[in-house]
Amino acid sequence: MLISPTVSQTCRSQTFTQANTNFTNCTDLPSLRAYLHWTYNPTARPNPTLSIAFIAPPARPAGWVAWALNPTGTGMVGAQSLIAFRDTNGSVVVRTYNISSYSSIAESRISYEVINRRGEYSDGVFRIFATLAMPAGSAGVNQVWQVGGAVSNGVPLRHDFPTERLSSRTNKWCEWGCVSDPGGE
């Protein structure tokens, strides 16, 4: 049996084009061919920071990808999301959304301060880079990620709901405060 390089690829083999883009840890997420690289800095002031690179292919080339922390629930409702897509001018944007329902979304502030953010798209994959200020003493939150197939007038449209998309979350993700990743990057 032959294994395709894309199937056997892990987050450890991924590289970043921008100089000085390094992360302490990485995780092959269990669904949607997604990966998360991260570094938690507990000594940053005034609050600890979480720097991430989220990598995933959209459901279709004109689609979007999202990564979020949900401090109040286990799914998308309540998620404090970073969503990347191609804007109407073709550039990649990363916008913030406080997901309050499954019906529609609107760009909004989220409950975490976003210190910086940027997005990239190449080889059929979006990359979200961001640094979030975390509340002091935060022990863990639920992590959610998602992909969608379309954007209309600068607004990501609702994704389909197959099983793989409904399982794109980890409950009480707290790698930085509760469990240390034995692998790291």
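Modeller: In this predicted model, strand 7 and strand 8 (residues 125–133) run antiparallel and are joined by 9 bridges.

Biologist: What is the bridge partner of Glu120 in strand 8?

Modeller: Strand 7 spans 113–122, and strand 8 runs antiparallel to it. In strand 8, the residue bridged to Glu120 is Arg127.

Biologist: Which strands stand at the edges of the sheet?

Modeller: The sheet is open, with 5 strands in the order 1-2-3-8-7 and antiparallel pairing. Two of its strands have a single partner strand each, so one side of each lacks a neighbour in the sheet; these are strand 1 and strand 7.

Biologist: What is the average twist from one strand to the next?

Modeller: The strands concerned follow the order 1-2-3-8-7. From one strand to the next, the twist averages 15°.

Biologist: Which residue meets Glu120 in a salt bridge?

Modeller: The structure holds 3 salt bridges. One of them has an N to O distance of 2.7 Å and joins the side chain of Glu120 to that of Arg118.

Biologist: Is Thr21 buried or exposed?

Modeller: Thr21 lies in the loop between helix 1 (5–8) and strand 1 (25–28). Apart from residues up to four places away in sequence, Thr21 touches Phe16, Arg118 and Phe129. The cut-off for burial is under 20% relative accessible area. Because the relative accessibility of Thr21 is 13%, this residue counts as buried.

Biologist: Which backbone oxygen does the side chain of Thr21 reach?

Modeller: The contact has a distance of 2.9 Å. The backbone oxygen reached by the Thr21 side chain belongs to Gln18.

Biologist: How many residues apart in sequence are the parts tied together by Cys11 and Cys26?

Modeller: A disulfide joins Cys11 to Cys26, with an S to S distance of 2.2 Å. Its S-S torsion is about 65°, so the disulfide is right-handed. Cys11 lies in the loop between helix 1 and strand 1, whereas Cys26 lies in strand 1, so the pair ties together parts whose separation in sequence is 15 residues.

How values were computed. Residues are numbered from 1 along each chain as its sequence is written. This is a predicted model: local features need pLDDT of at least 70, side-chain atom pairs count only at pLDDT 80 or more; totals for chains, interfaces and linings use all residues. Side-chain values use heavy atoms; hydrogens and water are left out. Helices (H or I, at least four residues) and strands (E, at least two) are DSSP runs, numbered from the N terminus. Buried means under 20% relative accessible area, exposed over 50%, partly exposed in between (1.4 Å probe, protein chains only). A polar contact is a pair of N or O atoms within 3.5 Å; within protein, one must be able to donate a hydrogen and the other to accept it, and residues adjacent in sequence count only if both atoms are side-chain atoms. Contact means heavy atoms within 4.5 Å. Two strands pair if DSSP finds at least two bridges between them. Axes are lines fitted to C-alpha atoms, for helices over the stretch in contact, and angles run from 0 to 180 degrees between N-to-C directions. A disulfide is a pair of cysteine sulfur atoms within 2.5 Å. A salt bridge is a side-chain nitrogen of Lys or Arg within 4 Å of a carboxyl oxygen of Asp or Glu.
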